[in-house]
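Biologist: I would like to learn how to read the aromatic rings and the core of a protein model. Could you walk me through them?

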Amino acid sequence: MIRIEDIINKVLENHPKANIDLIRKAYFFSALHHRGQKRASGEPYLIHPLAVADILADMRLDEISVATGLLHDVVEDTLVDLETLRQTFGDEIANLVDGLTKIAHISNLPKEEQQAENLRKMVLAMITDARVVLIKLADRLHNMRTIEYLKPEKRKRISQETLDIYAPIAHRLGMGKIRGELEDLAFKNLHPEEYEKLAAEVEIRRPELEKRLEKITATIRENLEKNQVPYVEVQGRVKRLYSLWKKLKKRKITINEVYDLIAARIITPNDKSLCYSALGVVHSIWIPVPERFKDWIASPRENLYQSLHTSVIGEGGQAFEIQIRTEEMHHVAEEGVAAHWKYKENKLGKNDEDKGLEKLKTIVSRLLLPLVEEAKNIKDPNDFLESLKLDLYPKDVYAFTPKGKIISLPRGATAIDFAYAIHSEIGDTCIGAKINGRMVPIRTEIQNGDVVEIITSPTAHPSSDWLNYVKTAKARNRIRHWVAAQQRAEAIEIGRKMLSSEIEKFDLSPKKILSDEENLKRIVGEYGLGRIEDLFAYVGYGKILPRGFMAKYLGSEEFARRDPEKKKESAIQSGIKAVKRFIGLVEDAILVKGVDNLLVSRARCCNPVFREEIVGYVSNGRGIIVHSKKCKNLISLMANKERIIEVEWAKDAKIPAQSVKITVETENRTGILAEITGAIADIKTSILDARARVSKDNRGLIEVTVEVFDKDHLDRVISAIERIPGVFEVRRII
């Protein structure tokens, strides 16, 4: 167990004038209030805050941060309230703990919305004090180190959140060491079988890899000394498992085809000219791989990372990577922003620490500014969460404006993303682009080093189609906002016309009823809406039926007396039932929450399978179209969320078998098609069609059409195929 005195010694090493009494006081307070509490492992709960404080001390953070690490859970998990903490430890620590404490009153929300709101709170707290995010990363790191004691579902949820949010935040802050550990721990818990398999494959190769590394590093040392280039250290390392797994998945290759399974690193004294001298020595030993050289010293990454990267051809034609950086650059690469705030001289006083904190705040604010803006401006929790993930996506493409300004974008970003990165109005009025002087479509992907010129027109505006091409949160949110505003205006106008038409059927005056603010506001309240315009929009979207509006306006008795459609009702319902049968839906197979008598059909693009997660979209004139939640078309449909409606499968529905296409990527060998069709037949599944071909990279591509009754049946088919040796990937074609 970590001792508090060990933590204190670490703090004193970097902050000789730190208020150690504050740390001891926080320790005793935490021990008192967590007394009797146990972790899922059965150990005393105090182990966790001690471990968090120890990680923060290793980061070289100040006594306030370390004390907060000891106290970070007392408000959330004990009877201590924030005011008591404030009175005991002051505003600074109380505000940090508040920023780290989950919101208590949102437990009734879905898990994803709770996650979004708690993340929003943390991001906004960073504006006031940048240390919030560093303490949270330390908290998450220790939780991931001890996650094996939690239930499998919770392990997966926390691991996915770590991979989506916290590892990318660590990357954005340049904290390579923490990011790497978070990713590997998340990978281990999300894909345990693949993790164990890959770990075993690496371990089998480790003796050989370490032998190669030893020879490479010895050669580098010998030649650096021979050429009188000073160095601090020459390291060798085997590629991290998660990073390796991602590469295998992305490039669809085996471990034998990975060229940079090992890498060497040269650390020089703090003189960047020595890095270039070392590079010259490396290139005199081995032949460099063309187009695999990156100079992050001359052009540092956004997260302050600096290093030279070169790939060279070694013995036997095997390539490997070499990184070259100064000692200071290495600390920044490993520790990120925390490396900019360290104190080792006894003469440093309080003013120096204040400057260090201010510098830390400035760096963190700059690196996480987009997240802060989203936290302020995006109200919908799910939109915020999606935007957060997009903005944390690693930015690996660096392009230039014609005036030489660097714009950093994620891989796959297009000219549209580039336009919005310059300015929102440039994006809104974008009609074309020139890349390296040549006209290209605005959906063209940007490559490293491209010079991009955006062409605009004052009469141009965004299109919902753009949502299929953009990669950045800023572009996506701006396009959605514009499309939603346009569609809402149209829906309000359509809603007015639909209500006017319905009112006339009752022999009443549309002008009089639609200007009756008192009754309209009453109806708006009954529907749980905010404004009269919302009512018109909901009618326009098809979420509120005009007849439903009239029933509320007139009251049940008056409505029944005047109803012109009463005699037609049974005929209409019969017609809807007939259409449902015609399109393959049994009566009431899909239930629409809050709406009756609307035509419901499954989308042809994704053809959702019974019991699969689904969502409804109110179309113009075609009723409600039901999509799978995994459907790619939902990206553009979500531009206007008011058209999205909750739907669910009826529990007792009996739906006939559906045809589903599956594509299987395999090794190219004789008999594998027969093995796949045999595995499908073994679980009593009908095969409607099966065909095979060979891809350009000599892989087998097999497309099978099967009949399944529901999602569980489909999952069994996919699992049966995945178990066949030589199968690389199985996916449903949507």
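**Rings and cores**

Modeller: Let's start with a cluster: ring pairs link Phe187, Tyr195, Tyr242 and Trp245. Before we go on, this is a predicted model, where local features need pLDDT of at least 70, side-chain atom pairs count only at pLDDT 80 or more, and totals for chains, interfaces and linings use all residues. Residues are numbered from 1 along each chain as its sequence is written, and side-chain values use heavy atoms, with hydrogens and water left out.

Biologist: Where do Tyr242 and Trp245 lie?

Modeller: Helices (H or I, at least four residues) and strands (E, at least two) are DSSP runs, numbered from the N terminus. Both residues lie in helix α13 (residues 241-251), 3 residues apart, about one turn of the helix.

Biologist: Is Tyr242 buried or exposed?

Modeller: Buried means under 20% relative accessible area, exposed over 50%, and partly exposed in between (1.4 Å probe, protein chains only). Tyr242 has 9% relative accessibility, so Tyr242 counts as buried. Trp245 counts as buried too, because its relative accessibility is 15%.

Biologist: And what about Trp286 and Phe320?

Modeller: Trp286 and Phe320 form an edge-to-face aromatic pair, 5.2 Å centre to centre with 85° between the planes. Trp286 lies in the loop between α14 (272-285) and β3 (287-288), and Phe320 in strand β6 (residues 319-326), so the pair ties together parts that are 34 residues apart in sequence. Both Trp286 and Phe320 are buried.

Biologist: Which residues touch the most other members of the largest nonpolar core?

Modeller: A nonpolar core is a set of buried Ala, Val, Leu, Ile, Met, Phe, Trp, Tyr and Cys residues joined through side-chain atoms within 4.5 Å. The largest one has 102 residues, of which Met59, Leu71, Ile220, Ile322 and Ile324 touch the most other members. Helix α12 (residues 192-226) gives the most to this core, with 9 residues. Apart from it lies another core of 24 residues, including Ala399 and Val452.

Note on methods:
Rings of Phe, Tyr and Trp (its six-membered ring) pair if their centres lie within 6.5 Å; planes under 30 degrees apart count as stacked, over 60 as edge-to-face and the rest as tilted.
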